[in-house]
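Let's take a friendly walk through a structure together. Have a look at the sequence and the 3D view below, and then read on.

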2 protein chains.
Amino acid sequence: MHRKAFETDFIAEFDELLRWRRDVRRFRTEPIEPGLLDEMLDSAELAPSVGNSQPWRWVEVRSTAPREKVAASFERCNAEALKGYRGDRARRYATLKLSGLRDAPIHLAVLCSPDSEQGHGLGRRTMPQTMEYSVATAVSTLWLAARARGVGVGWVSILDPDDVTAALAVPHDWALVAYLCIGYPEADDDVPALQRSGWQTRTDSRERRSVV
Amino acid sequence: MHRKAFETDFIAEFDELLRWRRDVRRFRTEPIEPGLLDEMLDSAELAPSVGNSQPWRWVEVRSTAPREKVAASFERCNAEALKGYRGDRARRYATLKLSGLRDAPIHLAVLCSPDSEQGHGLGRRTMPQTMEYSVATAVSTLWLAARARGVGVGWVSILDPDDVTAALAVPHDWALVAYLCIGYPEADDDVPALQRSGWQTRTDSRERRSVV
């Protein structure tokens with residue numbers, strides 16, 4: 001029987017990919033190389049999905065009007081979020097650059113079609129949320145496929161999902177999972193931006209593991 | 001400025017990893033090599049998370065009692081699911097092997113701690129579901145890290161999440177995202193099991209892409 005094995009060198013380089021993946025908020029404005037977005041989407045299509053339902057829907061947002069509406073939603077939600085912080089935490093929040101919406105050449109909305117027939121309902125009767133989780137795994141896969149090609153991805157969640165689905169005029173039952181900025185990053189880094197800015201460091205992973 | 005680039009050979013091999021990742025339901029019962037689970041979890045900790053909140057919680061289920069309760073939940077939910085199909089579809093459903101709970105040496109429950117302070121709420125005010133999506137990206141990362149090491153992962157969603165959280169006695173606000181079977185697979189394949197069994201093929205990705 002055919003057996004596909006991966007070498008130690010590949011495993012080490014894969015861990016480097018995980019280490020150098022970043023949530024990018026500072027993009028160069030130039031377009032990415034032709035064909036790269038298609039390659040990344042082809043990779044993302046290989047992500048796991050409940051019942052092989054492939055519930056992800058990719059909407060590239062090229063027109064000015066929906067891009068402006070999404071940027072306006074971000075500005076509004078971000079101003080609201082700032083009001084929820086006090087003192088030093090508020091001052092720090094105000095200095096964070098939390099989206100690259102104005103610079104990134106590509107905006108990609110990723111939605112879930114939860115009522116899709118594909119998969120014939122398998123695996124999602126008791127946990128329907130696995131449809132949206134499947135979309136999140138596709139985003140995760142896209143992200144790594146992008147970074148491997150030198151392309152940065154930033155996930156913008158400071159948005160009202162209703163604003164976004166209205167701006168995109170997608171079918172009413174599609175749910176926004178992620179709004180992604182995509183382009184070449186201004187810089188590479190192996191430390192999360194929120195850690196560099198002093199907002200939130202990674203914490204000790206042993207506290208998140210237990211055995212029963 | 002340091003720039004971490006990945007070579008063409010690595011990108012090709014990474015795409016092979018995506019192609020040979022499978023949702024495994026047929027496991028060899030032998031334990032996996034010592035240290036491998038820790039390596040996989042260390043990799044998964046590098047997954048993206050909203051506000052760097054790292055909301056994933058890993059619970060390895062070693063004891064017989066909770067394992068039996070989870071297996072019983074699967075049997076019950078699977079029998080219920082079968083009742084929802086008719087005719088040929090029902091006959092086909094009945095032949096599918098949908099979990100490796102009885103064979104896989106490792107059971108790993110992956111939960112979300114949605115009220116965690118880590119991240120100081122950043123990015124999740126308008127889209128709190130991004131906490132669970134972050135956990136799904138960690139599962140996706142773990143899955144690839146496992147497959148790179150020759151270890152198979154199967155995501156079992158035919159479960160009542162309340163049964164599982166009760167069996168594990170986790171804090172009441174933790175939500176089950178994924179229940180994973182982990183071990184060496186009986187066989188490798190580059191075609192989804194549900195496609196091989198005729199349940200659901202992958203479909204044309206162009207229908208899932210649009211531009212606005």
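This is a predicted model. We begin with A:Cys112, which is buried, its relative accessible area being 0%. A disulfide is a covalent bond between the sulfur atoms of two cysteines, and a pair counts as one when the sulfur atoms are within 2.5 Å. B:Cys77 is in no disulfide either, since its nearest cysteine sulfur, in B:Cys181, is 14 Å away. Across all chains, a search of the whole structure turns up zero disulfides.

Next, visit strand E3 of chain A, residues 152-156, where five of five residues are buried. A:Gly152, A:Gly154 and A:Val156 point one way, while A:Val153 and A:Trp155 point the other way. E3(A) runs antiparallel to strand E4 (residues 175-183) of chain A, and five bridges join the two. Here A:Val156 stands opposite A:Tyr179 of E4(A).

Finally, two residues have a positive phi although neither is a glycine. A:Gln54 sits in the loop between helix H2 (36-44) and strand E1 (56-60) of chain A. B:His120 belongs to the loop between strand E2 (106-112) and helix H5 (130-148) of chain B.

| Residue | Phi | Relative accessible area |
|---|---|---|
| A:Gln54 | about 40° | 1%, buried |
| B:His120 | about 55° | 30%, partly exposed |

Conventions: Residues numbered from 1 in each chain as written. Chains lettered and ligands numbered in written order. Predicted model: local features only at pLDDT ≥ 70, side-chain atom pairs only at ≥ 80, totals over all residues. Heavy atoms only, no water. Buried < 20%, exposed > 50% of the residue type's maximum accessible area, 1.4 Å probe, protein only. Helix = DSSP H or I, 4+ residues; strand = E, 2+ residues; numbered from the N terminus. Pairing = 2+ DSSP bridges.
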